[in-house]
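This report describes a structural model in terms of its fold, its chain pairing and selected local features. The sequence and coordinates are shown first, and the discussion follows.

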There are 2 protein chains.
Amino acid sequence: MATRHSDPTEKTTGRARGGRRSACPVACTLDLVGDRWTLLVVRDLLLGKSRFGDFLQSSEGIPTNILTERLKRLEEAGLITTSQYSEHPPRYEYHLTPEGRELAPIVRAVAKWGLAHLPETRALQPILD
Amino acid sequence: MATRHSDPTEKTTGRARGGRRSACPVACTLDLVGDRWTLLVVRDLLLGKSRFGDFLQSSEGIPTNILTERLKRLEEAGLITTSQYSEHPPRYEYHLTPEGRELAPIVRAVAKWGLAHLPETRALQPILD
């Protein structure tokens, strides 16, 4: 993985790679993906989206700055890779690593609970099968 | 980007019960439990903890004000019930509702990913079986 971002500064909302809250696998995983947006980006990646503009177009309307920050965090955590597909202007594609792809069961469990308990939700297709 | 939010006042940490971000079951569920702390409280409830002080003692050190707010949100969402077990001083017990108990597969999937990919984590016992 070519990391373009080396700034290890932790956000309060974010992962604490070096400073885990505990040895609990739930807590440690939530340090990486436990927020309102990260798993939505992972959902989109699982659905085959790969470009910045694709993520922006999802119906939740993720703000640009949050998307940028989440992609950076996911890359630092080794969950996505970034590759440049255009030089002028510089544009990047994002893909899940095998480790990132294994977040699918979490996304699936979250979706399943929502479908069962929140009547206003509708199924996503591919990742839920 | 077309922002579809009609209610831009949503909390950065919080659910937007009346103003869902989309009809996606992942997004709607994350509106309820998608933060660094809520699923840890659910984990503790699944492990049999029921009192405020029990949650505070978990090794992540949840701050009192965050715990209070998360318990309130979980109750409003119908995921826990609250009952008073002492009048002087007033003290309460918290238990998962059937709907809340069905969050277990999410907690389990999160834990499983952590155990597989974060070497410094250790298994929880009962809820993972």
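In what order do the elements of chain A run from the N terminus on? In this predicted model, the order is α-α-α-α-β-β-α-α. Of the 129 residues in chain A, 40% are buried. Among contacts in chain A between residues at least 6 apart in sequence, 43% join residues at least 24 apart.

**Symmetry and interface**

Two copies of a chain are related by a rotation about an axis and a shift along it.

The interface brings 43 residues of chain B into contact with 41 residues of chain A. On the side of chain B that touches chain A, the elements giving two or more residues are helix H1 (25-33), H2 and helix H6 (104-117) of chain B. Which of these gives the largest share? H6(B) does, with 11 residues.

**Helix H1 in the two chains**

H1(B) is mostly covered, since 9 of its 9 residues are buried. These buried residues are Pro25(B), Val26(B), Ala27(B), Cys28(B), Thr29(B), Leu30(B), Asp31(B), Leu32(B) and Val33(B). Their cover includes elements of both chains, namely H2 and H6 of chain A together with H2 of chain B.

One residue of the corresponding helix in chain A may be examined individually. Ala27(A) has its place in helix H1 (residues 25-33) of chain A. Is Ala27(A) buried or exposed? Ala27(A) is buried, because 26 other C-beta atoms lie within 10 Å, against a cut-off of 20 or more. Neighbours within four places in sequence being left aside, the contacts of Ala27(A) are Arg21(A), Ser22(A), Leu40(B) and Glu60(B).

**Helix packing in chain A**

The axes of helix H2 (residues 38-46) and helix H6 (residues 104-117) of chain A come within 10 Å and cross at roughly 110 degrees. H2(A) is therefore roughly perpendicular to H6(A). On H2(A), the contact is made by Leu39(A), Val42(A), Arg43(A) and Leu46(A). On H6(A), it is made by Ala104(A), Ile106(A), Val107(A) and Val110(A).

**Helix H4 of chain B and its surroundings**

Helix H4 (residues 64-76) of chain B has 13 residues. From first C-alpha to last it reaches 18 Å, close to the 18 Å expected at 1.5 Å a residue. Its buried residues are Arg70(B), Leu71(B), Arg73(B) and Leu74(B). Seen down the axis of H4(B), these fall within an arc of 165 degrees, so they line one face of the helix. An α-helix has 3.6 residues a turn, so residues three or four places apart point the same way. The buried residues of H4(B) pack against helix H2 (38-46), strand S1 (80-86), strand S2 (91-96) and helix H5 (98-101) of chain B. On the other side of H4(B), the exposed residues are Thr64(B), Asn65(B), Thr68(B), Lys72(B) and Glu76(B).

H4(B) is followed by Gly78(B), whose phi is positive, near 75 degrees. Another glycine, Gly61(B), lies in the loop between helix H3 (52-56) and H4 of chain B. Gly61(B) is exposed, because 9 other C-beta atoms lie within 10 Å, and 12 or fewer count as exposed. Gly61(B) and Thr81(B) are 20 residues apart along the chain, and their C-alpha atoms are separated by 23 Å.

Most residues other than glycine have a negative phi, and most peptide bonds are trans.

| Cis peptide bond | Omega |
|---|---|
| His88(A) to Pro89(A) | near -5 degrees |
| His88(B) to Pro89(B) | about -5 degrees |

Where does Pro89(A) lie? Pro89(A) is in the loop between strand S1 (80-86) and strand S2 (91-96) of chain A. Pro89(B) lies in the loop between S1 and S2 of chain B.

Note on methods
Residues numbered from 1 in each chain as written. Chains lettered and ligands numbered in written order. Predicted model: local features only at pLDDT ≥ 70, side-chain atom pairs only at ≥ 80, totals over all residues. Helix = DSSP H or I, 4+ residues; strand = E, 2+ residues; numbered from the N terminus. Expected span 1.5 Å × (residues − 1). Arc of directions from axis to C-beta. Contact = placed C-beta atoms within 7 Å. Axes fitted to C-alpha atoms, helices over the stretch in contact; angles between N-to-C directions. Parallel < 35°, antiparallel > 145°, perpendicular 65-115°, else oblique.
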